[in-house]
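Work through the exercises below with the sequence and the 3D structure open beside you. Each task sentence is followed by a solution that goes step by step.

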Amino acid sequence: QSSQGGCPVHHSGGSCPASELAAAFDPFEGPYQVDPAEALRWSRDQLPVFYSPKLGYWIVSRYHDIKAVFRDNVLYSPRNALEKITPATPEAMKVLESYGYAMNRTLVNEDEPAHMERRRALLEHFMPENLEAKQEMIRRLTREKIDGFIDRGRVDLVEDMLYEVPLTIALHFLGVPEDEITRLRSFAVAHAVNTWGRPTPDQQIEVAHAVGRFWQYAGEVIEKMRADPDGQGWMHYTLRKNAEIPEVVTDSYVHSMMMAIIVAAHETTSLASTNMFKTLLTHREAWGDVCADPSLIPNAVEECLRYAGAVVAWRRETTAPTRLGGVDLPEGAKLLIVQASGNQDERHFEDGDKFDIYRDNAVDHLTFGYGSHQCMGKNIGRMEMRIFLEEVTRRLPHLRLAEQEFTYLPNTSFRGPNDLWVEWDPEQNPERANP
Ligand code: HEM
């Protein structure tokens, strides 16, 4: 199979009609799993909105169409954003029911006017002045992790830093007790597979048990937190709002959000940071430039989010018949809007498939979504990525990627390698020569 966006049906390398490419499109395997932007190059050029019979969704691949969809959250409702993309089998449904699983609206999948009212009520914690105070903690945690491996010469950056630091920051931001890190890890993977993956019927049962346990665990955490009415963090604040304005910040919201936010705040940032190091270390010149001049870091972070974002596709559903990218869509059409493809669209980004930390419109990427649902945590995510890069480039400028096969969790939306092995010569560590 070609990873160059060629036809996954005809292996001869010849061109293929767009209708056949549309029929063959499968986001769970093949070219999309290798490189989602490249896999949809043909669509950006020939058929920017197409129906995928394998998925039952309309795929949207151009920058301006994706932005138009994000912009109008009434015509394009976000209500399906957290739906199971692979419908549950009756057996899996039974398992979920046995845990009282009732995942419902949070913010990301809530319609207006409820969404905006709730978002406004819960926005304060995300204000820049509240985030500044977190900087020092992020830097301290990052330094401690680097101290732990700097003399080793070889490390899986995910295992030794990029998984745990964002999780600790997320739990701290939310005010969730930090004593359950290992359990949370298996829960988060199950939630991602459940929502964006294509588990086999057998895996569905396993995943349903993990998701059911995650749901119950989220309920227990809420009860623990309620017992501490003066607790710090966004979820404590949310619980106080739940008591104050229960019709806006509902009980169902609180329980659903408790489960969704751990993935929203943590998995996204871990994957984005992993993608960032992988991308920079494979573009050695850019890595060298960033090491030599840290003032390049903020734009390098944006370019990494554009070129190799952690959220590569999101979902919407039409609430009325409409026309998009020259194609008529019926009411109730489910859309997979592929930000990774929009982010490399030549129509908005010159040489969009080239990685360029000096790009002046990198920040226009759609990785955080756009419009009224745009990621509330985007500045926390950016801040973490920036600090990780500042610390690693300063202390390990001679870092290089180790030989390895990268593996990914097959799903439509969350993207980043499971491991990232890096190497360096500890003898060359700048702090040894210049302690
Ligand atoms: C929404 C991506 C980090 C909290 C979203 C959306 C995306 C996204 C694509 C949907 C946007 C839309 O529908 O227009 C990311 C990425 C991150 C990240 C790539 C890291 C690099 C975070 C963090 C937090 C967070 C750290 C919290 C601490 C949220 C919330 C929403 C959201 C609450 C819902 C906003 C709404 O619907 O009004 N994020 N996110 N995210 N994100 Fe993030």
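## Exercises on rings and ligand

In this predicted model, where rings of Phe, Tyr and Trp pair if their centres lie within 6.5 Å, the count comes to 17 aromatic pairs.

**Exercise 1.** Classify the aromatic pair of F25 and F50, and state which parts of the chain the pair links.

*Solution.* Begin with the distance, which is 5.5 Å centre to centre, and then take the angle between the planes, which is 85°. An angle over 60 degrees counts as edge-to-face, and F25 and F50 are accordingly an edge-to-face pair. Next, locate the two residues: F25 lies in the loop between α1 (18-24) and α2 (31-34), while F50 lies in strand β1 (residues 49-52), so that the pair links distant parts of the chain, 25 residues apart. Finally, both F25 and F50 are buried, and ring pairs link F25 and F50 with Y32 and W42 into a cluster.

**Exercise 2.** Explain why the pair of F126 and F173 is described as tilted, and decide whether each residue is buried or exposed.

*Solution.* The ring centres of F126 and F173 are 5.0 Å apart and their planes stand at 55°, so the pair is tilted. This pair, too, links distant parts of the chain, with F126 in the loop between α7 (114-121) and α8 (128-149) and F173 in helix α10 (residues 164-174), 47 residues apart. For the second part, recall that buried means under 20% relative accessible area; F126 has 10% and is buried, and F173 has 7% and is buried as well.

**Exercise 3.** Find which charged side chains lie over the rings of Y370 and F349.

*Solution.* Over the face of Y370 lies K67, at 4.7 Å from the ring centre. Over the ring of F349 sits the charged end of R306, 5.1 Å from the centre of that ring.

**Exercise 4.** Describe where the ligand sits and what surrounds the ligand.

*Solution.* Start with the site: the ligand sits in the largest cavity. The elements that give two or more residues to the shell around the ligand are α7, α14 (251-282) and β5 (314-318), and α14 gives the most, with six residues. In total, 28 residues surround the ligand, and the closest are H115, R119, R316, H373 and C375.

How values were computed:
Residues are numbered from 1 along each chain as its sequence is written. This is a predicted model: local features need pLDDT of at least 70, side-chain atom pairs count only at pLDDT 80 or more; totals for chains, interfaces and linings use all residues. Side-chain values use heavy atoms; hydrogens and water are left out. Rings of Phe, Tyr and Trp (its six-membered ring) pair if their centres lie within 6.5 Å; planes under 30 degrees apart count as stacked, over 60 as edge-to-face and the rest as tilted. Helices (H or I, at least four residues) and strands (E, at least two) are DSSP runs, numbered from the N terminus. Buried means under 20% relative accessible area, exposed over 50%, partly exposed in between (1.4 Å probe, protein chains only). A charge sits over a ring if NZ of Lys or CZ of Arg is within 6 Å of the ring centre and within 35 degrees of the ring normal. A residue is near a molecule or strand if one of its heavy atoms lies within 4 Å of it. On a 1 Å grid over the protein atoms alone, a cavity is a set of points where a 1.4 Å probe fits but cannot get out, and a pocket is an open set with protein on both sides within 12 Å along at least five of seven lines; lining residues have an atom within 4 Å of a point. A molecule sits in a cavity or pocket if more than half of its atoms lie within 2 Å of its grid points.
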